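Visitor: I'm new here. Could you walk me through this one and tell me how you know what you say?

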Amino acid sequence: MVLYEVWGCHGTAPILDDLFCIKRTSPSGGGLHPIEVYPIVSGVDGVEPGLYHYGVRDHSLELIERLAEGEAVALAATFLCGQNYFGSAHVSFVMTARFPRNHWKYPGQQKAYTVMLMDAAHLSQTLYLVAAELGLGAFVTAAVNAIDIEARLGMDGVTEGVVAAAGCGLPYADGSPFEPRFTAYVPRGDR
């Protein structure tokens, strides 16, 4: 459900000849949606632990590599620059950008790469909203080990490359030890 609600295709529209854009629950610059997602599943009921690609076209999980649960957690932590607290999430989502999806429409546009990063950010925010609705904890980070991820997934970093990672899972019963404990803010005029 999370994959479909965040990264899934909710509609299509023709652009030009055989080109079409897809509708997702998050906006995308030019409606091009260059972000792909590669879930690392370690603790999801009914899904074998492993490294997957999410097939948007047919809403499918395409197994890339079967892993034991502990291997999936370790791989996620490695991909997330040793951030074990993120790597232990029940599922981590490596987000990559397929650069030609934006650059064919915006050749030479200096902001084309920035727009792709914004796309990943919008998707991350949608993940937070979906996770909250489902009672799950969520995270997003740009601290990713792009070299190892791209090597493992067979990417060249030029036509497709890593831009961010996110994840979700059941929250700790007592909350995360890394979550700040906020007190109510009282503006100066109201003190």
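Guide: Let's start with H6, which lies across E3, E4, E5, E6 and strand E8 (160-169), at about 100 degrees to E8. Helices (H or I, at least four residues) and strands (E, at least two) are DSSP runs, numbered from the N terminus. Angles run from 0 to 180 degrees between N-to-C directions, with axes fitted to C-alpha atoms, for helices over the stretch in contact (heavy atoms within 4.5 Å). This is a predicted model, where local features need pLDDT of at least 70, side-chain atom pairs count only at 80 or more, and totals for chains, interfaces and linings use all residues. Residues are numbered from 1 along each chain as its sequence is written, and side-chain values use heavy atoms, leaving out hydrogens and water.

Visitor: Why are Trp7 and Phe93 called a tilted pair?

Guide: Rings of Phe, Tyr and Trp (its six-membered ring) pair if their centres lie within 6.5 Å; planes under 30 degrees apart are stacked, over 60 edge-to-face and the rest tilted. Here the centres are 4.7 Å apart and the planes 45 degrees, so tilted it is.

Visitor: What makes Trp7 count as buried?

Guide: Buried means under 20% relative accessible area, exposed over 50%, partly exposed in between (1.4 Å probe, protein chains only). Trp7 has 0%, so Trp7 is buried. Phe93, at 2%, counts as buried too.

Visitor: Which strands make up the open sheet?

Guide: Six, in the order E5-E4-E3-E6-E8-E7, with antiparallel pairing. Strands pair if DSSP finds at least two bridges between them. E3 and E6 have seven bridges, so they pair.
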